Amino acid sequence: MSRRNGPAALSKFTVNALLAAAVLGIGPALFPGLPSPTAFAQTEIDPTLKSNVEDFWHFAKMGRYDAAVAKGQAVIDAGAEPLAVLGAFEAVTQSSARKDDLDVWMVRFGSTNELKGVTEQLSKIIADGRFARRSDPAFITANIERLITNQIGYRNGVENLRNSGELAVPVLLDYLRSPGKSEYRGGYSQAN
């Protein structure tokens, strides 16, 4: 199955509207309240936050639930931005030593009576972080670039761009306008 006739393909109307906006140069006029890309900053992971997440993860996996609850509560009490908490959890779970699936393990931790309360609170913060990340231009750009990698990259990129919604449109327009990025235009103009 090619990306242009796959189940996640953009509609012909959407593609034509984006192309028309790009050609007419009206993209920014359609979204006047959208913050500029420089308004978004990459969130650095606080070493204390990362250490608490690392300890929570370690103790929870080892069955030391009392210590895991204390470290999880320390993450919650720190009051860090959800995007920073998400970044810390992703850094810990995707380290070269671990390669754990964050969502799978959080479900496991949440099914343990001793960890249920703190895991629910942490899961909500992580979900809030994912919601906040959807507006990050670097995240949007990375997902646009995934569209031409392979079927899985295309499917995941489209899903993430849908989650970004109207926030992805200005970046998509830039890709459609750029003469050096013609590979992003070819298949989409043929979509049904």
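This is a predicted model: local features need pLDDT of at least 70, side-chain atom pairs count only at pLDDT 80 or more; totals for chains, interfaces and linings use all residues.
The overall picture is quickly drawn. Of its 192 residues, 37% count as buried. Contacts across the sequence matter for the picture too: among contacts with a separation of 6 or more, 69% come from residues 24 or more positions apart.

Helix H3 is a handy place to start. Two packed helices are described by the angle between their axes and the distance between those axes. For H3 (residues 47–62) and H4 (residues 65–77), the angle is about 155° and the axes are 8 Å apart. Anything over 145 degrees counts as roughly antiparallel, and H3 and H4 are therefore roughly antiparallel to each other. Their crossing is left-handed. On the H3 side, the contact is made by Leu49, Asn52, Val53, Asp55, Phe56, Phe59 and Ala60, while H4 brings Tyr65, Ala67, Ala68, Lys71, Gly72, Ala74 and Val75. Sorted by class, the residues of this contact come out as ten nonpolar, two polar and two charged.

H3 also packs against H5, this time at an angle of about 50° with the axes 9 Å apart. That angle makes H3 and H5 oblique to each other, and H3 passes H5 in a right-handed crossing. From H3, the residues involved are Leu49, Lys50, Val53, Glu54, Phe56 and Trp57; from H5, they are Ala84, Val85, Ala88, Phe89, Ala91, Val92 and Thr93. By class, this contact has ten nonpolar, one polar and two charged residues. Leu49, Val53 and Phe56 of H3 turn up in the contact with H4 and again in the contact with H5.

Now for H5 itself. This helix covers residues 82–93, which makes twelve residues, and it reaches 16 Å from its first C-alpha to its last, close to the 16 Å expected at 1.5 Å a residue. Buried in H5 are Ala84, Val85, Leu86, Gly87, Ala88, Phe89, Val92 and Thr93. What do the buried residues of H5 pack against? They meet H3, H4, helix H6 (102–110) and helix H7 (116–133).

The loops have a few details worth a look. Asp46 sits in the loop between helix H2 (27–30) and H3. Its relative accessibility is 42%, so Asp46 counts as partly exposed. Asp46 and Gly87 are 41 residues apart in sequence, yet their C-alpha atoms are 9.8 Å apart in space; Gly87 is one of the buried residues of H5. Further along, Lys99 lies in the loop between H5 and H6. Lys99 isn't a glycine, but it has a positive phi of about 55°. With 56% relative accessibility, Lys99 counts as exposed.

Finally, there's Ser164: buried or exposed? This residue belongs to helix H9 (residues 151–164). At 1% relative accessibility, Ser164 counts as buried. Setting aside its neighbours within four places in sequence, Ser164 is in contact with Arg134, Phe139 and Ile140.

How values were computed:
Residues are numbered from 1 along each chain as its sequence is written. Side-chain values use heavy atoms; hydrogens and water are left out. Axes are lines fitted to C-alpha atoms, for helices over the stretch in contact, and angles run from 0 to 180 degrees between N-to-C directions. Helices (H or I, at least four residues) and strands (E, at least two) are DSSP runs, numbered from the N terminus. Angles under 35 degrees count as roughly parallel, over 145 as roughly antiparallel, 65 to 115 as roughly perpendicular and the rest as oblique. A crossing is left-handed if the near helix is turned anticlockwise from the far one by less than a right angle, and right-handed if clockwise. Contact means heavy atoms within 4.5 Å. Ala, Val, Leu, Ile, Met, Phe, Trp, Tyr, Cys and Pro count as nonpolar, Asp, Glu, Lys and Arg as charged, and the others, Gly among them, as polar. Buried means under 20% relative accessible area, exposed over 50%, partly exposed in between (1.4 Å probe, protein chains only). The expected span of a helix is 1.5 Å times one less than its number of residues.
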